[in-house]
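Here is a short walk through a structure, from a loop to a helix and on to a helix pair. Keep the sequence and the model open as you read.

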There are 2 protein chains.
Amino acid sequence: MVQIEQDILAKNNGYAAANRRYLEDRGILALNLVSSPGAGKTTLLARTITELKGELSMAVIEGDQETANDAERIRRTGVPAIQINTGKGCHLDGHMVGHAIDSLQPADRSVLFIENVGNLVCPAAFDLGEAHKVAILSVTEGEDKPIKYPDMFHAADLMIMNKVDLLPHLDFDVGACKDYARRVNPRIKILEVSATTGEGMAGWQAWIKATREAALAGLSDAKRSA
Amino acid sequence: MVQIEQDILAKNNGYAAANRRYLEDRGILALNLVSSPGAGKTTLLARTITELKGELSMAVIEGDQETANDAERIRRTGVPAIQINTGKGCHLDGHMVGHAIDSLQPADRSVLFIENVGNLVCPAAFDLGEAHKVAILSVTEGEDKPIKYPDMFHAADLMIMNKVDLLPHLDFDVGACKDYARRVNPRIKILEVSATTGEGMAGWQAWIKATREAALAGLSDAKRSA
């Protein structure tokens, strides 16, 4: 079993590395959004796109076991989106995402959001070629999730604590949640957001723009002007 | 890949069948609780046990990637519980549960709750030997989850719509959610519950007791008196 798992991951890593090279060469910032089902990834994305579309070029790859609802919802914001249905599969992989990038042809220097299948376990192990994993945790899920699903929060560079508008109705300890996240990943950055009310969206936008600038600064001059 | 998957599932089904035989022979009703992370499985279980422990003998198998928090929480209700940590694994399997049953030795004619790893995808394919899968959907996750994760809601006999106390603060269509669940599984039974306020707990308790009676009615006279 361990050998099979290593073979699958090694094969995936090959596809992911090719995706990463393609994206980096074109100055495309790819963010892999991971969370439990229903943590609010699509609502966050739709609002982010609506607020940023005057400033940035964006595209979206949507992953779900079934339905094309999320891609349709994103397309209504005016941004190109493609849906991957994984069927029995529990995560996106590098091969699927490579095909989606071929079809989608995201613009040079754009931001490519990849919304993974809602699953706090399996997507942690599958690199898609993204620059960063962003873990979205809904405060309705309880503050203990980072220590119960440590691989995901260890793999993420940013944790968005979403649905903070519901905090007054919940028994959720924000400080403990941050401590747990930092216990499994001392370098994780944390933002508190409500994609419904807009609270904290400015910080998330600022993070996207600064991260994109940092990625573009790493492009060679030849590639920048190409 | 398909062949490997079939081999793994066939092996699991063998362990699950042995568990089912063991449990049925002793009149033990095993319920496999499945959901997204943070849908409230442990809170529901703790309240259920506290309310039913004068009437029924119960035991719990807890599944999580890491931590023994849930088993400790259940033990504080005065009921035996054992924790399985799956590490990188995304679901419980028949083999793990067989070992846990050996250690736990649930009483004859008891109810054995198995709380799976929080994951709406992978546990759908892995039979543990349970009598029924019970899918818990938190209303904070949105009404579309049954059609986005159809395998799980197809595999479940009961869907508990949990956290209904939060409905006034959410944009969640209860009727649409029920329609979606019945679209993927026309025979699914649905209960609306809040494990926090206690709303709907009586219906869930009644379901457990009636299901247990039905299972005991199927025991042969020889086994009943043994």
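A:Gln105 sits in the loop that links helix 4 and strand 4 (111-115) of chain A. Helices here are DSSP runs of H or I with at least four residues, strands are E runs of at least two, and both are numbered from the N terminus. The model is predicted: local features need pLDDT of at least 70, side-chain atom pairs count only at pLDDT 80 or more, and totals for chains, interfaces and linings use all residues. Residues are numbered from 1 along each chain as its sequence is written, chains are lettered from A and ligands numbered from 1 in the order written, and side-chain values use heavy atoms, without hydrogens and water.

A:Gln105 is not a glycine, yet its phi is positive, about 45 degrees. Most residues other than glycine have a negative phi. In chain B, B:Gln105 lies in the loop between helix 4 (94-104) and strand 4 (111-115). Phi of B:Gln105 is also positive, near 50 degrees.

Step back to helix 4 (residues 94-104) of chain A. At its start, a side-chain oxygen of A:Asp93 comes within 3.1 Å of the backbone nitrogen of A:His95. Buried residues (under 20% relative accessible area, 1.4 Å probe, protein chains only) in this helix include A:Val97, A:Ile101 and A:Leu104.

Now turn to chain B. Helix 2 (residues 41-52) and helix 8 (residues 201-217) of chain B pack at about 70 degrees, with axes 11 Å apart. The two are therefore roughly perpendicular, a term for angles of 65 to 115 degrees.

Conventions
Axes fitted to C-alpha atoms, helices over the stretch in contact; angles between N-to-C directions. Parallel < 35°, antiparallel > 145°, perpendicular 65-115°, else oblique. Buried < 20%, exposed > 50% of the residue type's maximum accessible area, 1.4 Å probe, protein only. Polar contact = N/O pair within 3.5 Å; in protein donor to acceptor, adjacent residues only side chain to side chain.
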